[in-house]
Amino acid sequence: MTARRILLVDADAFFVAVARQVDPEGAGKAPLLIVGGRPGSRGVVCSASYECRAYGVRSAMPIQRALKLCPEATCVPVPRQACSARSRDIQAVLARFAPVVQASSIDEWYCDLGGTEALYGHEPLDVTAHRIRDAVFEATGLRVSIGGATSRLVAKMAVEVAKPKPGTGASGVHCVPPGTERAFLARFRLSDIPGVGPRFAERLARMGLVTVPDAQAWPEEALVQRLGERGGQWLARRVRGEDESVVSSRDRQKQVSRESTYGRNLEDDETIQRELLRLAVRVSADLRRQALRARTVTVKLRTPDFVTRTAQRSLTRFVDSERAVSRVASELLGQLRAGRGGPVRLLGIALSHFDDEDVPLPPALAQLGLFQDPKAAAAPEAVPDEAREQALTRALDRIRGRFGSDAILPARLLDRAPDTGPRVEE
């Protein structure tokens, strides 16, 4: 059986590189560069140059803290449109080499080169990977790192070795030959393996398992005995480099979301509810523009001490209207703030589990329909408002499409808005 030929292509310091392309005279000449917001803003670091990382600056770190660690750094906002355009450009290059390309994120792509051996003269996979890397740079001016292996898991681990970080001497490409996956993974800690989160890593550490070789030394039966059948088998296969997941060319969006970080904390309930409604209007419009409906609503809240909490609800039917989304989101916000009032620095709403996923709702997660009488049966006729709701939503979309997104809004959003300071919206 022919071994699979899978690559993971990772754009190096993608947001930093694009910011330098967009502003060559500013960001382009700053070796110490932070992308994510202006100095004095309440944003977080999206990406930082390798030189900044040497000072301890990391992604998701508050801008103010990052500047304390690296006060000489230049801070710039994320060039979102340019990043989206460069991402599409890179994927277009990859599609010239691989029959199947799957975007994992805006700066990561899996490529399956299965069946292309003769096309590339049976050359080694790392030779093809170097040619792909050169082609991406020639077309976009951006550097990528490439990990290659027989599985997605090992390719993802290999790309970390491939990245040409200062002092590593890495070339930008690292391919793991078939049959050497176990030996390759032996250099990592268990916490480096995708899917091994902090809590699981702590549990493994209490068992004396910290590095991959620690787990490789245990028989699968022993891992199953300590971690249960599912967890034990999963870990045993991971540390051997076994991963049968396929690369699919179908790009499936997992969620549609909107969130805002506020320049001034939201202090009172009325302001918080108003901002939640504004987000509900926007995220539901985003959902409908993609011809999607969602079954799960998640609300995210962050307080000034950077503690982040979320609440989620899954419905028995799919929704796409701002009224439906805001109603559920308001209930979830109430849960998050019950007994925990105080100011808010970030609010967000995410919609997921779309109606094109063909995944049944587990009975244990089933919730009552949004407009349904709790005593009524879960039947379509028990939701008399649904047809009227859809008609109203489509009418709103037509009006906004003709006269602008702010042409018609909920009455609460027409009142004079409180001063929230600069608002950073994702």
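**Surface and overall make-up**

The accessible surface of the protein chain is about 21,900 Å², and 51% of it belongs to carbon and sulfur atoms; such areas come from the Shrake-Rupley method with a 1.4 Å probe, and for residues only the protein chains shown count as cover. The model is predicted: local features need pLDDT of at least 70, side-chain atom pairs count only at pLDDT 80 or more, and totals for chains, interfaces and linings use all residues. Residues are numbered from 1 along each chain as its sequence is written, and side-chain values use heavy atoms, with hydrogens and water left out.

**Exercise 1.** State how many helices and strands the protein chain has, and what percentage of its residues is buried.

*Solution.* 
- Step 1. The secondary structure comprises 13 helices and 13 strands. Helices (H or I, at least four residues) and strands (E, at least two) are DSSP runs, numbered from the N terminus.
- Step 2. Of the 426 residues, 45% are buried. Buried means under 20% relative accessible area, exposed over 50%, and partly exposed in between (1.4 Å probe, protein chains only).
- Step 3. Of the contacts between residues at least 6 apart in sequence, 69% join residues at least 24 apart. A contact means heavy atoms within 4.5 Å.

**Exercise 2.** Determine the strand order of the sheet with 5 strands and identify its edges.

*Solution.* 
- Step 1. The order is 5-6-1-7-8, in an open sheet with mixed pairing. Two strands pair if DSSP finds at least two bridges between them.
- Step 2. Strand 5 (100-105) and strand 8 (173-175) each have a single partner strand, so one side of each is left without a neighbour in the sheet.
- Step 3. From one strand to the next, the twist averages 15°. Axes are lines fitted to C-alpha atoms, for helices over the stretch in contact, and angles run from 0 to 180 degrees between N-to-C directions.
- Step 4. Helix 6 (residues 152-162) packs on this sheet, touching strands that include strand 1 (6-11) and strand 6 (108-112), and its direction makes about 140° with that of strand 7.
- Step 5. Strand 7 (residues 144-149) pairs with strand 8 in the parallel sense over 3 bridges, and Gly148 stands opposite Cys175 in strand 8.

**Exercise 3.** Is strand 6 enclosed or left open by the rest of the structure, and which strands pair with it?

*Solution.* 
- Step 1. Strand 1 pairs with strand 6 in the antiparallel sense over 5 bridges, with Asp10 opposite Glu108.
- Step 2. Strand 5 also pairs with strand 6 in the antiparallel sense, over 5 bridges. Gln102 has Tyr110 as its bridge partner, and Val101 stands opposite Cys111.
- Step 3. A hairpin joins strand 5 to strand 6 through 2 residues.

**Exercise 4.** Describe how helix 11 packs against helix 12.

*Solution.* 
- Step 1. Helix 11 (residues 269-289) and helix 12 (residues 322-337) pack at about 140°, and their axes are 9 Å apart.
- Step 2. This angle makes helix 11 oblique to helix 12. Angles under 35 degrees count as roughly parallel, over 145 as roughly antiparallel, 65 to 115 as roughly perpendicular and the rest as oblique.
- Step 3. Residues making the contact include Ile272, Leu276 and Ala280 of helix 11 and Val325, Ala329 and Leu333 of helix 12.
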